[in-house]
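Please open the model in your viewer and keep the sequence panel beside it. The stops below say what to select and what is there.

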Amino acid sequence: MKPVIAVSSYIADKDVFYGYGTSGDYIKAIDGAGGIPVQLPTIKNTSDYEQVLRHMDGLLIPGGCDIAPYFFSEQPEKALGRINALIDRQEMELVRLAYDAGIPILGICRGHQVINVAFGGSLYQDIPSAMPEAIGHDQSGCKREELYHKIDIQPASYLHQIFGKDSLYVNSFHHQAVKQLGDGLKTVATAPDGVIEAIEGTGDRFVMGVQFHPENLYGIYTEFTNLFRFFVEECKKRAI
C-alpha cells in the first residue's frame, strides 16, 4: 500500500489571488518515490490537524519564508526577512502532533528550521550578520539544481546510510540556520563553516531535517533521489 504523505502549504496572498501553494518539485519527488502527496492548507484551528493526521503516514514540511523570532524568544534583527506567524504555528503544531503519533517527519530548508524550533531550539536569524566568516549559503540567481557547497556527514546517521558518503555537495537557498539544537535532536551534517545542514531525532521515531533542497535534485542525482525513497519507505511502515 502506498503511504499518504501530508505536505504543508505556503500562503499565496496577492491582489488578485489568495490561495495555498506547494512547490511542484515536492509533489513530484514524493510521487516519484512511491508516496501519495496530499497538500494541507493553512487553517487557524490547528487542533483539527490531529484528526487529519490520523489518515496520514508521513509529514513533509517544505521551504518558505523566515520564522518569527518570538517563537524562540528573540527580538527581530534588521536582516530578518518576511514572516508569517500563522504558518509558523501551523507547521510547529503539525510537527508536534506527528511526532506524538509516531508519524515520520521530513523537514526541508525552512522545514528543517521549523522542526528545530518545535523541539525547543533556536535559529540564527541571519547567517552573514551572526557569522561574518561563513561561506555563501544563498545561491539565489543560480539554477536550483546547481550544487553549491559541501557538507560533511556523520557516520552513525540515516543521512549517511542514504547517501553512502562522508561528504557531498548540495544546493543552498537560506540565510537563517539552526543555532541551539532542540531537545531530542542531533546534528548529522555540517557545512565547512560549522552551519548545521542536517538534523535527526535521537529516539526511535523518524525525524529528519535538511537545510538544502533535495526536491530540486530529485531524479538528477542518485543520492537525493534515494533520500525521498528512504523517507517514503519509512512512511510505508505505517501504511501496511
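**Before you start**

This is a predicted model, in which local features need pLDDT of at least 70, side-chain atom pairs count only at pLDDT 80 or more, and totals for chains, interfaces and linings use all residues. Residues are numbered from 1 along each chain as its sequence is written, and side-chain values use heavy atoms, with hydrogens and water left out.

**Stop 1: salt bridges**

Side chains of opposite charge can pair when their charged atoms come close. A salt bridge here is a side-chain nitrogen of Lys or Arg within 4 Å of a carboxyl oxygen of Asp or Glu. The structure has eight of them.

Select Arg110 and Asp88. Their side chains form a salt bridge, 2.7 Å from N to O. This pair links distant parts of the chain, 22 residues apart: Arg110 is in helix α4 (residues 110-118) and Asp88 is in helix α3 (residues 85-100). Helices (H or I, at least four residues) and strands (E, at least two) are DSSP runs, numbered from the N terminus.

Are these two partners buried or exposed? Arg110 is buried, at 2% relative accessible area. Asp88 is buried too, at 0%. Buried means under 20% relative accessible area, exposed over 50%, and partly exposed in between, using a 1.4 Å probe and protein chains only. Asp88, Glu91 and Arg110 are linked in a network of salt bridges.

Stay in α3 and select Arg96 and Glu93. They meet in a salt bridge of 3.7 Å, N to O. Both lie in α3, three residues apart, about one turn of the helix. Arg96 is partly exposed at 38%. Glu93 is partly exposed at 22%.

Jump to Lys237 and Glu234. Their closest N and O atoms are 2.9 Å apart, in another salt bridge. The two residues lie in helix α7 (residues 222-239), three residues apart, about one turn of the helix. Lys237 is exposed at 57%, whereas Glu234 is buried at 14%.

**Stop 2: cysteines**

How many disulfides does the structure hold? It holds zero. A disulfide would be a pair of cysteine sulfur atoms within 2.5 Å. Select Cys65 and Cys109. The closest cysteine sulfur to that of Cys65 is in Cys109, 11 Å away, so the two are too far apart for a bond. Cys65 is buried at 11%. Select Cys235 as well: this residue is buried at 0%.

**Stop 3: helix α7**

Select residues 222-239, the helix α7. The helix has 18 residues and reaches 25 Å from its first C-alpha to its last, close to the expected 26 Å. The expected span is 1.5 Å times one less than the number of residues. Colour its buried residues, among them Phe224, Leu227, Phe228, Phe231 and Cys235.

**Stop 4: strands β8 and β9**

Select β8 (residues 149-153) together with β9. They run antiparallel, joined by four bridges. Two strands pair if DSSP finds at least two bridges between them. Ile151 stands opposite Leu168 in β9.

In a regular strand the side chains alternate between the two faces of the sheet. Look along β9 (residues 167-170). Leu168 and Val170 make up its covered face, Ser167 and Tyr169 its uncovered one.

**Stop 5: His137**

Select His137, in the loop between α5 (127-130) and β8. His137 is buried at 5%. Beyond its neighbours within four places in sequence, the residues in contact with His137 include His149, His174, Asp193 and Glu197. Contact means heavy atoms within 4.5 Å.

**Stop 6: the nonpolar cores**

In soluble globular proteins, nonpolar side chains tend to be buried together. A nonpolar core is a set of buried Ala, Val, Leu, Ile, Met, Phe, Trp, Tyr and Cys residues joined through side-chain atoms within 4.5 Å.

Select Leu60, Leu159, Phe163 and Phe228. These touch the most other members of the largest core, which has 33 residues. Its largest share, seven residues, comes from α7. A second, separate core of 27 residues includes Leu40, Tyr49, Phe119 and Val207.

Finish on Val207, in strand β13 (residues 207-210). Val207 is buried at 2%. Leaving aside neighbours within four places in sequence, the contacts of Val207 include Tyr99, Ile105, Ile115 and Leu185.
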